[in-house]
Amino acid sequence: MVTVIKTGHSIHRILNYNENKVKEGVAVFMGAGNYPIDDANLAIDMKLNRMLKQTALNENVTRNSVHISLNFDPSETSLSKEKLMAIAHTYMEKIGFGQQPYLIYQHHDAGHPHLHIVSIKVREDGSRIDTQNIGQNQSEIARKEIEISFGLVPAERHKRKQDYELKPVAAIKVLYGRTPTKRAITNVLVVVLNQYKYTSLPELNAVLQQYNILADRGSENSRVFVNKGLLYRILDQNGNKVGVPIKASDFYSKPTLKFLEEKFIQNEQRRKPHKLRVKNTVDLLLLGNKPVRLPELLERLEKEGIKAVLRQNADGLVFGITYVDHRTKCVFNGSALGKQYSAKAIQERCESESAGLNKTTLNTKNSGEGQRQWDSQDSILKETSTVLPISDLGKVFDHLLQPEQASDYLPKQLKGKRKKKKRKGQSDNQ
């Protein structure tokens with residue numbers, strides 16, 4: 001079992017998120033804890049008012065809502081309602097929310113069984129429940145004990161947690177007309193916005209467009225652009241906008257332009273350690289004894305987990321390139337890596353590869369020694385690229401590009417005699 005705990009400012013928003021899932025037919029209300037009315041008779045306003053009245057006892061608690069998800073292994077689809085409710089009640093008791101009002105929903109819109117629990121941080125006496133490090137402390141202890149008590153599949157703490165973070169379904173390509181638009185876009189946004197490291201809207205769109213989604217600010221004269229708004233749209237297979245756009249503020253996670261701009265700043269530092277991998281991969285794929293054309297380079301990059309997205313104008317002219325590294329979840333515009341990785345430079349490197357190779361070969365043929373050196377280097381490159389994986393070759397390549405240390409050694413015979421300095425007060429006659 002994997003647990004995820006998030007706090008928020010709005011109980012309305014969390015409750016509406018789960019209730020809307022019920023209306024869409026992809027979730028069911030399972031039951032409640034510490035409500036004075038039977039679960040079957042609980043209306044939406046009753047669910048909400050119970051929590052609002054209690055949070056009003058302490059207005060200093062601004063992040064007063066709690067949204068928890070309990071995620072089970074895909075093999076545990078046969079868990080009964082009674083067992084799921086028992087797990088939820090036990091978990092809330094163990095993390096210190098056993099006396100709080102809470103609502104339990106089961107969602108059916110993912111590849112694994114999972115529950116969502118809505119609660120509040122203000123107690124009946126108005127005191128605040130401290131949730132600092134609750135995920136690492138109380139929740140982690142409760143999870144392990146529940147896995148043993150209920151015979152659940154143990155969670156791989158670090159490996160699976162990202163896969164379960166309040167993610168309704170896997171990020172698959174959205175096809176307009178086949179999936180409810182808002183839900184389909186949400187599924188992709190939850191994955192991309194939280195896991196990928198992008199520093200601009202074009203970089204983000206380089207990822208989103210692979211799932212037929214676009215974050216659109218509109219034209220510069222539009223109301224959306226002037227008011228710093230943001231729309232999310234679905235694209236068809238040809239990249240054309242289809243359907244009705246949805247405002248960013250209409251989504252539960254509020255992925256507005258202001259939200260993204262904060263992400264841009266955070267991601268600038270987070271992606272730095274992974275920049276060298278993309279640069280080395282490009283350089284190594286262009287290094288060899290055979291010319292590499294642009295389509296071939298893009299195909300080879302994709303095999304290494306890097307999607308190079310070309311930006312073209314109406315005439316098909318390439319004016320930009322963005323590298324999406326799916327392994328490190330980092331996105332780089334070509335210019336962010338350096339001039340030699342921009343769209344223009346990459347095209348020139350691909351086109352000049354063949355000419356440069358022929359010229360080098362021709363010059364070395366003029367001397368037997370030069371030809372032997374070329375053949376030796378060529379065989380080393382072949383052997384290295386065959387034995388080492390691309391990640392190891394990157395280290396070799398970085399080492400080869402390091403400037404050599406110039407030697408300061410000079411034979412004694414070639415050194416001139418050092419002229420003795422005259423001491424102060426001495427003359428040539430002394």
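## Surroundings of Ala336

Ala336 is in contact with Arg271 and Lys275, leaving aside residues up to four places away in sequence. This is a predicted model. Ala336 belongs to helix H12, residues 334-337, and is partly exposed, with a relative accessible area of 25%. Its C-alpha atom is separated by 9.3 Å from that of Thr322, which is 14 residues apart from Ala336 along the chain.

Arg271, one of the contacts of Ala336, also takes part in a salt bridge with Glu268, where the closest N and O atoms are 3.7 Å apart. Arg271 is buried, with a relative accessible area of 4%. Glu268 is partly exposed, with a relative accessible area of 32%.

## The S10-S11 hairpin

Strand S11 (residues 330-333) pairs with S10 in the antiparallel sense, over 4 bridges. In this pairing Tyr323 stands opposite Phe332 in S11. S10 and S11 form a hairpin with 4 residues between them. Lys329 lies in the turn and has a positive phi of about 60°.

## Salt bridges

The count of salt bridges comes to 13. One of them joins the side chains of Asp325 and Arg277, at 2.7 Å from N to O. This pair links distant parts of the chain, 48 residues apart: Asp325 is in strand S10 (residues 318-325) and Arg277 in helix H10 (residues 275-286). Asp325 counts as buried at 0% relative accessibility, since buried means under 20%. Arg277 is partly exposed, with a relative accessible area of 22%.

Helix H10 also holds Asp283, the partner of Arg349 in helix H13 (residues 343-364), so this pair ties together parts that are 66 residues apart in sequence. The closest N and O atoms of the salt bridge between Arg349 and Asp283 are 2.7 Å apart. Arg349 is partly exposed, with a relative accessible area of 22%, while Asp283 counts as buried at 11% relative accessibility.

## Packing of H3 and H4

Two packed helices are described by the angle between their axes and the distance between the axes. For helix H3 (residues 81-94) and helix H4 (residues 138-149), the axes come within 9 Å and cross at roughly 145°. The crossing of H3 past H4 is right-handed.

On the H3 side, the contact involves Ile87, Thr90, Tyr91 and Lys94. These meet Gln138, Ser139, Ala142, Glu145 and Ile146 in H4. By class, the contact has 4 nonpolar, 3 polar and 2 charged residues.

## The sheet of S6, S7 and S8

Strands of a sheet pair through backbone hydrogen bonds, either parallel or antiparallel. Here an open sheet of 3 strands has the order S6-S7-S8, and its pairing is antiparallel. Strands S6 (213-216) and S8 (241-247) are at the edges and have a single partner strand each, so one side of each is left without a neighbour in the sheet. From one strand to the next, the twist averages 25°.

Strand S7 (residues 231-235) and S8 run antiparallel and are joined by 4 bridges. Leu235 stands opposite Lys241 in S8. Helix H6 (residues 181-195) packs on the sheet and touches S6, S7 and S8, with its direction at about 100° to that of S7. Helix H7 (residues 201-208) also packs on the sheet, touching S6 and S7, and its direction makes about 160° with that of S6.

## Positive phi angles at two asparagines

Most residues other than glycine have a negative phi, and most peptide bonds are trans. Asn34 has a positive phi of about 65° although it is not a glycine. Asn34 is placed in the loop between strand S2 (27-33) and helix H2 (44-55), and is partly exposed, with a relative accessible area of 33%.

Asn133 likewise has a positive phi, near 60°. Asn133 is found in the loop between strand S5 (114-120) and H4. At 40% relative accessibility, Asn133 counts as partly exposed.

Notes
Residues numbered from 1 in each chain as written. Predicted model: local features only at pLDDT ≥ 70, side-chain atom pairs only at ≥ 80, totals over all residues. Heavy atoms only, no water. Axes fitted to C-alpha atoms, helices over the stretch in contact; angles between N-to-C directions. Left-handed = near helix turned anticlockwise from the far one by under 90°. Contact = heavy atoms within 4.5 Å. Nonpolar A, V, L, I, M, F, W, Y, C, P; charged D, E, K, R; others polar. Pairing = 2+ DSSP bridges. Salt bridge = Lys/Arg side-chain N within 4 Å of Asp/Glu carboxyl O. Buried < 20%, exposed > 50% of the residue type's maximum accessible area, 1.4 Å probe, protein only.
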